[in-house]
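Please read this briefing alongside the sequence and the 3D view.

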Protein chains: 2
Amino acid sequence: MSTKKDPYSQLYQLSKTYATYESIASLVNWDTRTYMPNQAIAFRAEQIALLSDFIHKTKTSKKFKKNLSSLIDLESGKIIDLQLTQQQQACLIEWRRSFLQEAKLPRSFIKNLTRTTTIASQAWATAKKQSTFNDFSPHLEKIIKLMKQKASLLGFKDHPYDALLDLYEPGMTVSKLQPLFENLKNNLIPQIKKNTKNLAFSFLKQDFCPEKQMEFNKMITLAMGLVPENSRLDFSAHPFCTSISPCDVRMTTRITPKNLLSNIFAVIHEGGHALYYQGLPVDTFGSPLSETISTGIDESQSRFWEIFIGKSKPFWNYFFPKLQTIFPQLHNTSLEAFFSAINQISPSLIRIEADIVTYNLHVILRFEMEKEMLEGTLQVKDIPTVWNQKMENYLGVSPENDAQGCLQDIHWSAGLIGYFPTYALGNCYAAQIFATFEKENPQWERELEQGNLFFIKEWLKKNIHQWGKFYTPSKLLEKISNKTLDESFFIDYVNKKYSDLN
Amino acid sequence: MSTKKDPYSQLYQLSKTYATYESIASLVNWDTRTYMPNQAIAFRAEQIALLSDFIHKTKTSKKFKKNLSSLIDLESGKIIDLQLTQQQQACLIEWRRSFLQEAKLPRSFIKNLTRTTTIASQAWATAKKQSTFNDFSPHLEKIIKLMKQKASLLGFKDHPYDALLDLYEPGMTVSKLQPLFENLKNNLIPQIKKNTKNLAFSFLKQDFCPEKQMEFNKMITLAMGLVPENSRLDFSAHPFCTSISPCDVRMTTRITPKNLLSNIFAVIHEGGHALYYQGLPVDTFGSPLSETISTGIDESQSRFWEIFIGKSKPFWNYFFPKLQTIFPQLHNTSLEAFFSAINQISPSLIRIEADIVTYNLHVILRFEMEKEMLEGTLQVKDIPTVWNQKMENYLGVSPENDAQGCLQDIHWSAGLIGYFPTYALGNCYAAQIFATFEKENPQWERELEQGNLFFIKEWLKKNIHQWGKFYTPSKLLEKISNKTLDESFFIDYVNKKYSDLN
């Protein structure tokens with residue numbers, strides 16, 4: 001005996017349905033990367049394809065469109081029902097944006113892309129293992145072709161890359177990104193040349209028992225504000241964090257006895273994502289008000305913790321003695337030596353192992369190449385040469401083989417073109433947010449020195465997490481910092497940090 | 001450019017779709033019982049409700065019905081298209097059976113039942129913890145009412161319980177079950193009185209390190225034929241086994257240092273289920289040809305391994321020295337003492353800890369009470385009294401509280417009425433199958449003594465697993481043993497076993 005619901009409630013109901021299916025897909029993906037037996041992969045692909053197809057169908061259903069267009073003009077984006085609250089209007093704007101995007105991609109295109117990337121990801125894994133780019137290039141050619149098609153299906157004003165960028169960072173364009181990245185390059189490359197150290201830090205080359213590393217991980221995540229009742233920490237080949245539901249946030253790390261730092265900073269980084277997901281409003285679950293605002297802002301939350309908190313002196317003033325208690329082999333290591341080690345600038349070949357300064361150059365290199373691939377000015381066959389050249393120019397290092405070079409990342413094989421820039425944007429956002437954080441929390445260093453971190457989570461929740469997608473990324477940033485996105489916050493932070501360190 | 005598919009292919013496609021959704025639901029349920037953080041339960045219930053609803057909708061869709069009824073007469077069950085292969089006809093028969101069952105249950109009823117059992121399961125857990133049956137009884141009353149309604153929606157000839165039984169053991173009825181269980185009671189109760197031992201076996205009360213128990217588990221599962229590439233073994237409060245896909249079968253166990261046997265036999269039991277799921281044909285996935293035939297036959301596979309292999313002398317001739325190597329504290333224990341311990345008849349209060357003989361009485365007690373609840377001759381408020389009386393009559397033991405009595409099992413709170421009998425049927429099927437196995441493998445004991453178990457898996461695959469639902473349970477049993485279901489196989493096995501042991 002259900003009475004007919006109003007259009008807004010119906011829209012919300014549909015949104016909740018596909019959000020619940022997306023949460024099921026997140027669980028399935030988490031399982032694929034943590035516990036799934038090897039041989040299950042082919043069948044797993046079927047499960048994922050079915051879920052993706054269902055989600056796409058729901059998002060673009062006639063029912064969704066009908067209700068949506070009765071409340072907001074699909075063409076102009078003008079709100080029709082002005083009785084709705086500001087929150088509801090924000091949802092309509094986001095639902096329209098996402099509906100228009102989804103509706104432009106036919107199911108046949110999505111199926112084709114899913115099939116192509118599933119096969120390409122497997123081919124990439126093999127090619128990487130054997131370091132044979134030629135085995136992967138035919139797959140990448142297909143993907144670039146599909147990405148061009150995707151860009152033209154989605155539509156763009158100035159550059160095809162804008163259409164893809166917008167999927168991850170709404171409102172971001174090549175014309176905004178290019179000067180920002182140029183400025184980063186002009187400032188960071190000299191910084192790298194000046195401050196590169198390459199010290200061996202032999203105390204980090206000892207054996208650090210995995211169980212004890214896990215013990216330290218638990219201490220850190222608890223201090224950050226993550227409890228086992230609503231979060232998990234497991235293992236995977238590449239660390240990641242995913243949200244299954246507001247009370248179920250899952251991080252992973254990887255632990256090898258000889259690599260203590262890689263694990264510690266993965267945990268702090270993923271913990272930053274986890275706190276973001278937990279800080280989103282629970283009562284509006286299934287609406288844009290409970291979604292992360294963009295991939296770049298999401299990354300800013302992990303980088304905020306990893307760089308601005310986790311690589312700061314007061315943090316280790318408190319935690320280094322704890323680390324020494326767990327690992328007595330560090331008893332002869334001074335806090336100063338440890339602090340130099342975690343902050344050393346040292347150009348290297350692999351993005352995910354890069355320090356906070358060189359990291360951005362890894363990202364800019366990929367952005368430049370992706371952009372040219374979409375323009376057609378870079379051919380797939382020329383990727384290894386161009387890659388190696390840019391590595392030499394930006395970082396002064398040169399890969400010995402493609403596994404250490406252009407085959408190192410999974411992204412391209414998965415069709416994630418337009419995604420890389422968000423990694424560097426995350427750094428810039430984080431630096432800009434941190435500047436306000438510092439101003440508003442003048443005692444922050446003293447709190448950290450006593451191991452108090454809860455106020456950080458609360459501050460980020462109040463300023464970022466609780467808003468979900470209520471604001472656009474740029475509006476939110478302006479609200480926090482009274483400025484539009486400005487990479488000089490990051491540049492200044494780095495300059496100051498390394499002049500202090502020397 | 002897809003051409004219109006024939007009705008059979010369309011049916012198979014739909015069946016594959018809902019089977020894939022069922023496999024996703026299996027993964028979600030597995031996660032709920034293994035790794036999900038506590039606080040995620042409410043949201044998890046939403047995910048499961050959504051999946052169940054979708055599966056029910058697909059199974060009863062107009063498209064499914066239209067294609068089905070063009071190939072088989074829904075009323076009479078007569079095959080219309082006789083060009084189809086025997087295998088395809090078997091699928092039609094099963095699809096019709098399951099369609100008619102599903103279609104009788106309205107979505108509103110399923111939703112109501114899901115909501116009621118979700119709440120009841122939580123109430124049960126609390127009531128069990130505090131041993132307060134009165135807190136659970138209002139929930140159970142609702143469930144019994146819904147079960148009566150379910151029986152009348154599904155329809156039955158002689159007894160409402162038949163409608164529920166048929167969901168788990170197609171073709172089974174009260175009129176077949178009652179004499180079978182009477183016969184078991186008449187033969188097993190004297191057997192129990194005669195052979196009850198209650199020896200303490202202090203060597204089993206030592207500490208058995210969980211990691212080393214896991215080491216032994218891996219040895220056993222590998223020997224049974226389960227490899228990590230397509231299976232897993234995790235922990236959960238109650239051991240279970242679930243199949244996510246043909247290459248992804250997941251068992252769980254529970255390990256406490258003081259309870260070596262509970263873990264070992266859980267692993268052998270769940271391993272038996274796992275081998276069944278892995279033995280089902282892969283190429284017909286999504287059709288009844290790749291489904292387990294019934295809950296009882298499924299249970300027969302776990303009991304075959306647990307009782308007839310895992311509690312046999314030749315098995316331990318090989319594995320006991322291995323166990324002693326892993327646990328040096330067993331060096332002074334003789335194989336004979338160990339063998340007596342694992343086979344001891346010792347009436348106790350808890351079903352899942354019961355020995356192979358008394359176990360059946362636990363099941364029969366539940367069957368008798370369920371049947372009377374459906375008839376209306378047993379009121380929920382009288383359950384504790386009747387339960388305790390029957391325990392006294394059948395096993396000579398009496399629970400001190402309801403947690404050890406009528407609150408011990410989760411089944412009723414989950415709406416699983418009609419399910420318990422399959423546990424005892426599993427024993428009877430297994431004994432009957434084992435009789436043929438022994439005849440056809442006269443060397444079986446010598447093989448076991450050398451640690452060779454692979455031939456068991458192969459024999460069960462050939463005779464049971466590979467057939468999926470091609471036969472009915474009773475047809476399959478006749479094919480294997482040239483006899484209809486006969487509980488005397490189990491009775492004879494027990495009689496012989498305990499006369500040998502004395």
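A residue counts as buried when its relative accessible area is under 20%, as exposed when it is over 50%, and as partly exposed in between, using a 1.4 Å probe and protein chains only. This is a predicted model, in which local features need pLDDT of at least 70, side-chain atom pairs count only at pLDDT 80 or more, and totals for chains, interfaces and linings use all residues. Residues are numbered from 1 along each chain as its sequence is written, chains are lettered from A and ligands numbered from 1 in the order in which they are written, and side-chain values use heavy atoms, with hydrogens and water left out. Helices (H or I, at least four residues) and strands (E, at least two) are DSSP runs, numbered from the N terminus.

**The two copies**

- Two copies of a chain are related by a rotation about an axis and a shift along it.
- Chain A can be laid on chain B by a turn of 180° and a shift of 0.0 Å along the axis, with an RMSD of 0.0 Å. The two copies are thus related as by a two-fold rotation axis.
- Both copies use the same surface: 100% of the contact residues of chain A recur in chain B. Contact means heavy atoms within 4.5 Å.
- For the superposition, copies are fitted by least squares on the C-alpha atoms of residues with pLDDT of at least 70 in both.

**The sheet of chain A**

- Strands of a sheet pair through backbone hydrogen bonds, either parallel or antiparallel. Here two strands pair if DSSP finds at least two bridges between them.
- Chain A has an open sheet of three strands in the order S1-S3-S2, with mixed pairing. Strands S1 (231-235) and S2 (241-245) stand at the edges with a single partner strand each, so one side of each has no neighbour in the sheet.
- Neighbouring strands of this sheet are turned by 25° against each other on average, direction ignored. Axes are lines fitted to C-alpha atoms, for helices over the stretch in contact, and angles run from 0 to 180 degrees between N-to-C directions.
- S2(A) and S3 (residues 248-253) of chain A run antiparallel and are joined by four bridges. A:Ser243 stands opposite A:Val249, and A:Cys241 stands opposite A:Met251.
- S2(A) and S3(A) form a hairpin, with two residues between them.
- S1(A) and S3(A) run parallel and are joined by five bridges. In this pair, A:Arg232 stands opposite A:Arg250.

**Burial of the strands**

- Is S3(A) enclosed or open? Six of its six residues are buried, so S3(A) is largely enclosed by the rest of the structure.
- In a regular strand the side chains alternate between the two faces of the sheet.
- From S3(A), A:Asp248, A:Arg250 and A:Thr252 point one way, while A:Val249, A:Met251 and A:Thr253 point the other way; all are buried.
- In chain B, strand S1 (residues 231-235) is mostly covered, with four of its five residues buried.
- S1(B) pairs with S3 (residues 248-253) of chain B in the parallel sense over five bridges. B:Phe235 stands opposite B:Thr253 there.

**A helix pair in chain A**

- Helix H7 (residues 160-168) and helix H14 (residues 358-375) of chain A pack at an angle of about 130°, with their axes 8 Å apart.
- H7(A) and H14(A) are therefore oblique to each other. Angles under 35 degrees count as roughly parallel, over 145 as roughly antiparallel, 65 to 115 as roughly perpendicular and the rest as oblique.
- From H7(A), A:Pro160, A:Tyr161 and A:Leu164 meet A:Phe367, A:Glu370, A:Lys371 and A:Leu374 in H14(A).

**Single residues**

- A:Glu368 lies in helix H14 of chain A and, at 10% relative accessibility, counts as buried. Not counting residues up to four places away in sequence, A:Glu368 touches A:Glu182, A:Lys185, A:Lys390 and A:Tyr394.
- A:His411 is found in the loop between helix H15 (383-395) and helix H16 (421-440) of chain A. A:His411 counts as buried at 7% relative accessibility.
- B:Lys111 is in helix H5 (residues 107-130) of chain B and, at 43% relative accessibility, counts as partly exposed. The C-alpha atoms of B:Lys111 and B:Ser52 are separated by 9.0 Å, with the two residues 59 residues apart along the chain.
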